[in-house]
Amino acid sequence: MATLRLTFSDSTTLFRPSLPSTRTFSRNRSLIVKASSSEDDFSRSSRRRFIAETAALSVSLPQLTARSEDALSEWERVYLPIDPGVVLLDIAFVPDDPNHGFLLGTRQTILETKDGGNTWAPRSIPSAEDEDFNYRFNSISFKGKEGWIVGKPSILLYTSDAGDSWERIPLSAELPGDMVYIKATGEKSAEMVTDEGAIYVTANRGYNWRAAVQETVSATLNRTVSSGISGASYYTGTFNTVNRSPDGRYVAVSSRGNFYLTWEPGQPFWQPHNRAVARRIQNMGWRADGGLWLLVRGGGLYLSKGKGLTEEFEEVPVQSRGFGILDVGYRSTDEAWAAGGSGILLRTTNGGKSWIRDKAADNIAANLYSVKSV
């Protein structure tokens with residue numbers, strides 16, 4: 001059954017609205033929305049503007065009025081066995097077993113569920129506990145029974161049995177930047193990204209990695225500062241956010257949000273782009289039709305014109321109540337969800353042309369940082 005999961009400022013609570021029994025979707029169309037009041041190193045600069053003091057334990061269970069066109073009907077509260085200071089960062093389910101999933105976070109947090117997310121239990125991985133490090137697990141991805149986890153300080157874990165056992169794969173200490181994203185792409189194959197723009201691919205279980213780009217973003221900008229990219233001279237060398245399309249294209253936002261970059265398979269370098277709006281960029285990602293969505297600081301939502309890569313965007317009116325929108329997730333070419341500060345939840349059923357505020361999360365005293373299909 002498809003679900004929308006929300007976690008809040010104390011990170012010990014998960015609210016999950018379930019779909020009516022008369023309308024169900026497969027697991028790969030479910031959505032995840034997660035939030036925390038703690039700061040994330042990878043997106044600290046963007047999140048700081050929206051963080052507020054919240055008390056998630058006092059949140060009451062919202063009841064939604066069921067209508068035929070509603071995707072959500074009620075909220076289910078799930079408690080997570082973790083410390084309040086833990087920041088949840090990523091979630092993934094095993095494709096061959098949609099009830100089996102993993103939830104990652106800071107402070108070496110790995111939670112596991114075997115009942116579709118109804119209950120979660122801490123998972124210990126001995127190969128990640130050999131050294132005196134408090135790992136931050138940033139990203140997880142599965143393809144069949146094969147799975148990958150990356151974290152900071154530099155760590156890579158691999159499983160070939162749906163997470164029953166995890167093996168630590170050695171990595172070079174000379175990798176530029178911290179690993180922030182990994183994508184399982186096929187048998188013994190994966191794609192890994194660092195916050196400095198390095199992209200590596202492997203086809204032999206992670207024992208060898210090939211660079212997909214010839215230089216880091218900082219090196220690219222050093223060559224293109226004179227090309228008219230506004231704000232390139234202030235670039236600090238790391239991404240604020242990075243998102244991958246299903247066909248392997250990437251879009252990343254600079255640390256200050258004053259420009260963005262794109263990369264497609266086969267290109268030797270990241271391509272910088274001036275932002276098409278006055279306000280700084282909060283986040284960017286891919287629509288289901290291949291176009292881009294863009295969020296600006298302060299709550300604006302923009303969609304690119306057409307389905308390909310372009311620097312032309314149109315603003316879409318949204319009811320954000322003055323709070324910033326932090327992420328967008330598409331379930332199909334028509335349906336998508338947007339989430340943001342103070343429990344903002346928005347839904348579109350026409351590809352993003354118009355958005356309706358879902359009041360289900362209005363009473364949730366937390367920011368919602370991420371929407372993810374699993």
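Before anything else, I note that contact here means heavy atoms within 4.5 Å. I also remind myself that this is a predicted model.

**Entry 1: the whole chain.** I looked up the secondary structure and found two helices and 29 strands. Of the 374 residues in the chain, 57% are buried. I then checked contacts with a separation of 6 or more, and residues 24 or more positions apart account for 52% of them. The chain exposes about 15,400 Å², and carbon and sulfur atoms supply 46% of that.

**Entry 2: an open sheet.** I picked out four strands that form an open sheet, in the order S9-S10-S11-S12, with antiparallel pairing. Which strands are at the edges? They are S9 (136-143) and S12 (167-168), as each pairs on one side only. I followed S11 (residues 155-159) to S12 and found two bridges, in the antiparallel sense. Tyrosine 158 has glutamate 167 in S12 as its bridge partner.

**Entry 3: strand S7.** Next I went to S7 (residues 109-113). Five of its five residues are buried, so the strand is largely enclosed by the rest of the structure. I checked which way they point: Thr109, Leu111 and Thr113 go one way, Ile110 and Glu112 go the other, and all are buried.

**Entry 4: the partners of S7.** S6 (residues 97-105) pairs with S7 over five bridges, in the antiparallel sense. Here leucine 104 has isoleucine 110 in S7 as its bridge partner. The hairpin of S6 and S7 has three residues between the strands, and in it arginine 107 takes a positive phi near 55°. I found S8 (residues 121-122) paired with S7 too, antiparallel over two bridges. Across that pairing, glutamate 112 stands opposite alanine 121 in S8.

**Entry 5: alanine 121.** I stayed with this residue of strand S8. What does alanine 121 touch, leaving aside its neighbours within four places in sequence? I found contacts with Pro81, Ile110, Leu111 and Glu112. Three of those names I already had from S7, namely Ile110, Leu111 and Glu112. I also looked up isoleucine 82: it is 39 residues from alanine 121 in sequence, and the two are 9.1 Å apart in space, C-alpha to C-alpha.

Terms used: Residues are numbered from 1 along each chain as its sequence is written. This is a predicted model: local features need pLDDT of at least 70, side-chain atom pairs count only at pLDDT 80 or more; totals for chains, interfaces and linings use all residues. Side-chain values use heavy atoms; hydrogens and water are left out. Buried means under 20% relative accessible area, exposed over 50%, partly exposed in between (1.4 Å probe, protein chains only). Accessible areas come from the Shrake-Rupley method with a 1.4 Å probe; for residues, only the protein chains shown count as cover. Two strands pair if DSSP finds at least two bridges between them.
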